Amino acid sequence: RLKDRLFKLSGLDRILLGQTDAITDLRQEVLDLADTSVAVLLQGDTGTGKELVAHALHDLGRSPEAPFLALNCAALSADTFEAEMFGVAGESDGRLVAASGGTLFLDEICSCPLAAQAKLLRVIEDQQVLPVGAVSPVPVSFRVVSATNEDVVLAAEEGRLRQDLLFRLNTVVLSLPPLRQRRDDLVLLATHFLNEYAQVYEIDTPELDQDDLAALLAHSWPGNVRELRHVCERRILAARRGGGSVAQAIQSDQHFDDVPDTLREAVAAFERELIGKAIKAHKGRMDAAAEALGIGRRTLNEKIVKLGLDKEALL
């Protein structure tokens, strides 16, 4: 039945694969918004597919042949921003000018330097850029899609995200569900990725047995769909050598591939683990956990919310 279902998929169904209510609703929202020009803010954990959704909004929109410019905001430098993005008069076109008419995807928007945020806001509001050394501005036009794995309201309250920029970006907010909330989609997704990698590595797709299904359902999938994809590729590589199992692939992934993409994610992962251990060690007594961590109770509460920790699940 899974093979029949996968065979019949096409278009957005194949891009945003799944049958749970959350992913079905997300597909419908993407279809509804794709033909508009409204700004869309994508919120979701690392690995849930935010850039995939941004591409879908672009590819299903009015100008799929237009440029899609993805900017990792954490890597932007306020010092070189104007020369790189706006261009230099008589020397080079900036990236924003070259991508005009398409989609501007602002990834990790909460990690963007404040000075660069001000320059981005000016471009979004004025729809024009002034190349370095130029006298006259150059008009630009974008569909703006942004993404973050953080709480944007908290980031704005802490002064890390300009509130006026947030108001420009969050006309519509789409939330991407973590894989742990899509357990009914696990087998379908795993089957899809296994088939995909079996074609890449030119072998027959190994069948999922009961132990494989149990391993899929027992794992918490902190890396979300990205982690599942890695696990399936590792399972196929093991199958080429005549062995392997999903459980072994998951264990290898935990040792070698669950590496955060950015320093901010690495720090968040470390804090999440440390705070979780402190809460467990002190049996949920938050004052004691905060004292052990060397922080205030209020700071601990804020970090629990920011990091998405479930205190009850830790005990």
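Is I275 buried or exposed? I275 is buried, with a relative accessible area of 3%. Here, buried means under 20% relative accessible area, exposed means over 50%, and partly exposed lies in between (1.4 Å probe, protein chains only).

This is a predicted model: local features need pLDDT of at least 70, side-chain atom pairs count only at pLDDT 80 or more, and totals for chains, interfaces and linings use all residues. Residues are numbered from 1 along each chain as its sequence is written, and side-chain values use heavy atoms, with hydrogens and water left out.

**Overall build**

- The chain holds 17 helices and nine strands. Helices (H or I, at least four residues) and strands (E, at least two) are DSSP runs, numbered from the N terminus.
- The C-alpha trace spans about 70 × 55 × 35 Å along its principal axes.
- Of the 315 residues in the chain, 42% are buried.
- I275 sits in helix α14 (residues 263–281).

**Salt bridges**

- The whole structure has 13 salt bridges. A salt bridge is a side-chain nitrogen of Lys or Arg within 4 Å of a carboxyl oxygen of Asp or Glu.
- E84 pairs with R95, and their closest N and O atoms are 3.2 Å apart. This pair links distant parts of the chain: E84 is in helix α5 (residues 81–86) and R95 in helix α6 (residues 95–98), eleven residues apart.
- E125 lies in helix α7 and R168 in helix α9 (residues 163–169), 43 residues apart.
- E125 is partly exposed at 40% relative accessibility, and R168 is partly exposed with a relative accessible area of 40%.
- E196 bridges to R229, with the closest N and O atoms 2.5 Å apart. E196 lies in helix α10 (residues 186–200) and R229 in helix α12, so the pair ties together parts that are 33 residues apart in sequence.
- E196 is partly exposed, at 28% relative accessible area. R229 is partly exposed as well, at 29%.
- E82, K119 and R122 are linked in a network of salt bridges.

**Aromatic pairs**

- There are three aromatic pairs in the structure. One of them joins F81 and F86: the ring centres are 5.7 Å apart and the planes stand at 85 degrees, so the pair is edge-to-face.
- Rings of Phe, Tyr and Trp (its six-membered ring) pair if their centres lie within 6.5 Å; planes under 30 degrees apart count as stacked, over 60 as edge-to-face and the rest as tilted.
- F81 and F86 are both buried.

**Positive phi in loops**

- E108 is not a glycine, yet its phi is positive, near 55 degrees. E108 is in the loop between β5 (103–107) and α7 (114–126), and it counts as buried at 15% relative accessibility.
- W221 is not a glycine either, and has a positive phi of about 55 degrees. W221 is in the loop between α11 (210–218) and α12 (224–240). W221 is buried, with a relative accessible area of 0%.

**A charged patch**

- D21, D25, E29 and D32 form a negative surface patch. Patches are made of residues with over 30% relative accessible area and no salt bridge: like charges are joined within 9 Å, nonpolar side chains (Val, Leu, Ile, Met, Phe, Trp, Tyr) within 5 Å.
- D21 is in helix α3 (residues 21–34) and is exposed, at 63% relative accessible area.

Notes: Areas by Shrake-Rupley, 256 points an atom, 1.4 Å probe, with all protein chains shown as cover. Lys, Arg positive; Asp, Glu negative; His and termini not counted. Charge placed at Lys NZ, Arg CZ, Asp CG, Glu CD.
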